[in-house]
Amino acid sequence: MKLKDSLFTRRKFLNTLIGGWLTALGATIIQPVIKFIFPPYREPEEVILPAADYELPGPNSFKTFPWGSKPGILKRNDDGSLTAFVAVCTHLDCNVTYLPEQRKFYCACHDGWYDENGINIAGPPPRPLRRLDVIVEGEKIIIRRKGESA
Amino acid sequence: MKSIFLYLKLILSIGLIFFFFGQNFLPGQPVAQLGQHQLVKEKSSNESVKPGPVNLKEKTAILVFLGWMWLVIAILIYLLIQKIREVDRLYEIKYYDVSSHGQEK
Amino acid sequence: MPKQSFREWLETRLGWGQIVNFLQKKEVPRHKHTLWYYTGSAILIFLVIQIITGFMLLLYYKPTLEKAYQSVTQIMTEVSYGWVIRSLHHWSATLMIAFVFIHLLSLWILKAYRPPRELTWMSGVILLFLTLAFGFTGYLLPWDELSLAATKVGTEIPSTIPLIGRWVTQLLRGGADVTGDTLTRFFGLHVSILPLSLILVLGFHLYLIQKHGMSVPLREEKQNRPLPSYPFWPNFLLRESVFWLILLGSLITLSLFLPRGLGQPADLMAPAPVGVRPEWYFLFLFQTLKLFPATILGIPGDTIAILLVMVAVGLFFFLPLLDTDPAGRKGKVITWAAVAFIVYAVVMSLWSVL
């Protein structure tokens, strides 16, 4: 009969091996499970707005549009060009509003302020508002993610 | 009793093989033959959302995954059989009777 | 204070050693039919997989008339590995129901329901019907045209029961017809009412199994010699885990090679699609109902069929009380009735497919 000591060693060795391969199997299976749980990324590539609805006659006028599930703000600049922002505070994801009289974006959640170019100027926001590309094509205003316009 | 189980196993295996494989490996039947015998999982005509891998890369990935998974399972089964031999031997020499609980794992 | 290992610390607080002790003392008899003991835990494995994949599908599924089909499409096309998870849920259900049938039929033939295990059998029959209810309600949820048609037929069948039939159908459908209300109702059943009921009955079933131990086949019992056995933990459990690994591998392989599809979206106003047919486990009932003529002696054939089925279910449920003489002639007849039922179910199922 074998010594008890050798028995224990063999048992521990086997247990470790089984544990290790079980972990390997678990890791193999858990990977798709985790990927499934994380929802597919669904920010739009681009949003097309009818130009007629977004005339924005005067400088400093603005209108909101849906950027996927977030609000966007389309704003007429003083030189007549258009700028689009994702109207979500960079602090804690609250929706911001544009205050034309003050020429500032305002986030009511934690009193965050951005200037008319979306630069964070007061309060907790750590970064400027996210900007989007605006392309005017005849009757359409195409809004794309920054840097992806052809 | 023995003969009943022989029949049972035979019937079950034929039935199971048919249900699990028969229905699905016959997707390409001509529509004219289908009529009222059309299958629930008729792939060629009824399915608007086709599941499964969409390109060669995904097909290869699935095969690699399955190969790896079965390899791991085979190794685990080999190890478990060793473990079973060990615990059976321990049981035969009445190892558990003298030891207190919590010894095994 | 002496130094404690973490295991000892936990042990003093949880007392798990008692459970291990109990499981070590629980002996599993060894004989040539020991194999059938594995079918029970196979069902449990698939149940666990159903619960996990079900939770996962719940993250994306939307149980409304407008969104159900669309959300299933989203799961299958947009979500990473979505089609795999849905396919796993489908195949795990299929295999679970297959093993429920194998489990019950093997116990029927082995007469494991002999006293004192009558209630174990009866709770098992309830579990069978809960499982079938899971299959039936789950089939509607993708809301494609075949699932709609199959549910219309399935919920119409009880309406032929005398007196209460119409009422049962309306209760099942949440109205006179299968609509979005039915979908909501079936969803609630599938993800909440049925799981809770299943866990309660299953707990009762497992408790009885622990209380009475494993049943030994009549022939082995009659030989009046101590049967060889091994402890449940770890000897039997390790053997079972080998079987589980094979089942898990087979399930994943099936799900990847034969993924579950999705038909055209359901349209409440469209004519029934060709080839409406329930899932395979209802096929023999489906075919039986088809065989009955429109009227027998002035009574609608459907009514007679459904009453016969109900009588059969009753007999099945009360089988332990009917089989009063398991070793005698009556017992043999009941054993062969199981074989006859299997032959009948297989023939009918094949007939309805071919």
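This is a predicted model: local features need pLDDT of at least 70, side-chain atom pairs count only at pLDDT 80 or more; totals for chains, interfaces and linings use all residues.
Strand 3 of chain A pairs with strand 2 (residues 62-67) of chain A through 6 bridges, and the two run antiparallel. Within this pairing, Phe65(A) is placed opposite Gly72(A) of strand 3. Strands 2 and 3 of chain A make a hairpin in which 2 residues separate the strands. Gly68(A), located in the turn, has a positive phi of about 65°.

Strand 3 of chain A is also joined to strand 4 (residues 82-86) of chain A, here by 5 bridges and again in antiparallel fashion. Lys75(A) has Thr83(A), in strand 4 of chain A, as its bridge partner. The hairpin formed by strands 3 and 4 of chain A has 5 residues between the strands. In this hairpin Gly80(A) adopts a positive phi near 90°.

Trp113(A) has Ala122(A) of strand 8 of chain A as its bridge partner.

## Overall composition of chain A

Chain A contains 1 helix and 10 strands. Read from the N terminus, its elements follow the order α-β-β-β-β-β-β-β-β-β-β. Of the 150 residues in chain A, 36% are buried. Among the contacts in chain A between residues at least 6 apart in sequence, 36% link residues at least 24 apart.

## Nonpolar cores

The largest nonpolar core comprises 79 residues, of which Phe36(A), Phe46(C), Trp108(C) and Trp121(C) touch the most other members. Helix 5 (residues 82-110) of chain C supplies the largest share of this core, 18 residues. Apart from this core lies another, of 16 residues, which includes Val72(C), Leu141(C), Phe187(C) and Leu262(C).

The surroundings of Phe36(A) illustrate how chain A meets chain C. With residues up to four places away in sequence left out, Phe36(A) touches Met56(C), Leu57(C), Tyr60(C), Ile75(C) and Val79(C), together with Ser80(C), Tyr81(C), Gly82(C) and Ile85(C).

## Helix packing in chain C

Helix 6 (residues 118-140) and helix 7 (residues 145-156) of chain C pack at an angle of about 135°, and their axes are 8 Å apart. Because of this angle, helix 6 of chain C is oblique to helix 7 of chain C.

On the side of helix 6 of chain C, the contact involves Phe136(C), Tyr139(C) and Leu140(C). These residues meet Leu146(C), Ser147(C), Leu148(C), Ala150(C), Thr151(C), Gly154(C) and Thr155(C) of helix 7 of chain C. By class, the contact between the two helices has 6 nonpolar and 4 polar residues, and no charged residues.

Key: Residues are numbered from 1 along each chain as its sequence is written. Chains are lettered from A and ligands numbered from 1 in the order in which they are written. Side-chain values use heavy atoms; hydrogens and water are left out. A nonpolar core is a set of buried Ala, Val, Leu, Ile, Met, Phe, Trp, Tyr and Cys residues joined through side-chain atoms within 4.5 Å. Buried means under 20% relative accessible area, exposed over 50%, partly exposed in between (1.4 Å probe, protein chains only). Helices (H or I, at least four residues) and strands (E, at least two) are DSSP runs, numbered from the N terminus. Contact means heavy atoms within 4.5 Å. Two strands pair if DSSP finds at least two bridges between them. Axes are lines fitted to C-alpha atoms, for helices over the stretch in contact, and angles run from 0 to 180 degrees between N-to-C directions. Angles under 35 degrees count as roughly parallel, over 145 as roughly antiparallel, 65 to 115 as roughly perpendicular and the rest as oblique. Ala, Val, Leu, Ile, Met, Phe, Trp, Tyr, Cys and Pro count as nonpolar, Asp, Glu, Lys and Arg as charged, and the others, Gly among them, as polar.
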